[in-house]
Amino acid sequence: MLTMKSVVKRYGNHTALDHLTLSLQKGETLGLLGPNGAGKTTAIRALTGLTGIDAGEILLFGKPLKGNANEIKNKLGVVPQDLALYETLSARDNLEFFGKLYGIKGAELRSRVDEILEILGLSDVAKKAPKKFSGGMKRRLNIGCAIIHKPKLLILDEPTVGIDPQSRNHILNFVSEINNQGTTVLYTSHYMEEIERLCSRVSIMDSGRVIADGSVDELANSVIFEEVTILEVKEPSPTLSDNLKKIQGVKSCETENRVFTITSEPNSQNIARILEISQPYTILGVSAKRPTLEDAFLSLTGKKLRDGGDDV
């Protein structure tokens, strides 16, 4: 559905895309993650033909973007970070306008507009202008305008920025549903939990290129982490803490009320020894903290997802 081969984009002396290679298969929901400044927005602008590239190749639906832009865009839906709506037109009129741009008209257009208003929970405000909408309602309408023509590939760039939890949940459910119906999705977000919830595969970008790719579990398990064991006992004591710290490979043991958080060096496999030392106490629970996508992201990029300057 989508291939970027060694794509380069420069702005003066700044390289926004540094031989970026990215692919998306039919039916996937691909999460594109990266700290601010990683190049995600530039990649999407290049994919949608809004910015040219200096080197490399972009293929959509098996055809080069260059020379086939009009044909490709008829199969493509884009939800940009910035709202693309006419604030003074009604919700229905916005949807009809974008539908007509794609050649939809008459009864087919009216039926499709009614369907989208219902799906996005906007039927009761169909005659109202977006300037009176909440941020979440505007975001939903923005998505509706992008899918009016039933695109085969939908690109969503930060579609839930600045909206309420109810609207966010509505959008996430909608994206999941259209993917289940066969639409391929490229999704960027600064919310790790959205990527974990929606995406069958994740590509992590940094400094203009993909540095890791795989499922959430594959990425989480691809980096060597310290072992973290959570132990809860009924009657904690300083002696237990001291003994836990003496276990070979243990780097620290933090205590809060009845809970001990024991951090060991990678591959220490200390949980059996921790249980053995804790036997004189009444153990209420023990668990090992599993690595997460957030852990992998931090390890690979050295940054939290929202660190850095403006994205490019």
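Biologist: What should I know about the model and its numbering?

Modeller: It is predicted, so local features need pLDDT of at least 70 and side-chain atom pairs 80 or more, while totals for chains, interfaces and linings use all residues. Numbering starts from 1 along each chain as its sequence is written, and side-chain values use heavy atoms, with hydrogens and water left out.

Biologist: Which residues of α3 and α5 meet?

Modeller: From α3, Ala 91, Asn 94, Leu 95 and Phe 98. From α5, Leu 141, Gly 144 and Cys 145. Contact means heavy atoms within 4.5 Å. By class, the α3 contact with α5 has 5 nonpolar, 2 polar and no charged residues. Gly counts as polar there, and Cys as nonpolar.

Biologist: What handedness does the crossing of α3 and α5 have?

Modeller: Right-handed. That is, the near helix is turned clockwise from the far one by less than a right angle.

Biologist: What about α5 against α6?

Modeller: Helix α6 covers residues 165-180. It packs on α5 at about 20 degrees, with the axes 9 Å apart. That makes α5 and α6 roughly parallel. α5 passes α6 in a right-handed crossing too.

Biologist: New topic. Where does Ser 90 sit?

Modeller: In the loop between β6 (76-79) and α3 (91-101). Helices and strands here are DSSP runs, H or I of at least four residues and E of at least two, numbered from the N terminus.

Biologist: What does the Ser 90 side chain reach?

Modeller: The backbone nitrogen of Asp 93, at 3.0 Å. A polar contact is an N or O pair within 3.5 Å; within protein one atom must be able to donate a hydrogen and the other to accept it, and residues adjacent in sequence count only through side-chain atoms on both sides. Leaving out residues up to four places away in sequence, Ser 90 touches Ala 126, Lys 127, Lys 128, Ala 129 and Pro 130.

Biologist: And His 149, where is that?

Modeller: In the loop between α5 and β7 (153-157). At 12% relative accessibility, His 149 is buried. A polar atom of its side chain lies 2.9 Å from the backbone oxygen of Leu 76. Further along the list of residues that His 149 touches are, among them, Tyr 102 and Ile 104.

Biologist: Last one. Which phi does Phe 61 have?

Modeller: Positive, about 55 degrees, and Phe 61 is not a glycine. Most residues other than glycine have a negative phi. Phe 61 is buried at 18%. Asn 267 has a positive phi too, about 65 degrees, but Asn 267 is exposed at 63%.

Methods:
Buried means under 20% relative accessible area, exposed over 50%, partly exposed in between (1.4 Å probe, protein chains only). Axes are lines fitted to C-alpha atoms, for helices over the stretch in contact, and angles run from 0 to 180 degrees between N-to-C directions. Angles under 35 degrees count as roughly parallel, over 145 as roughly antiparallel, 65 to 115 as roughly perpendicular and the rest as oblique.
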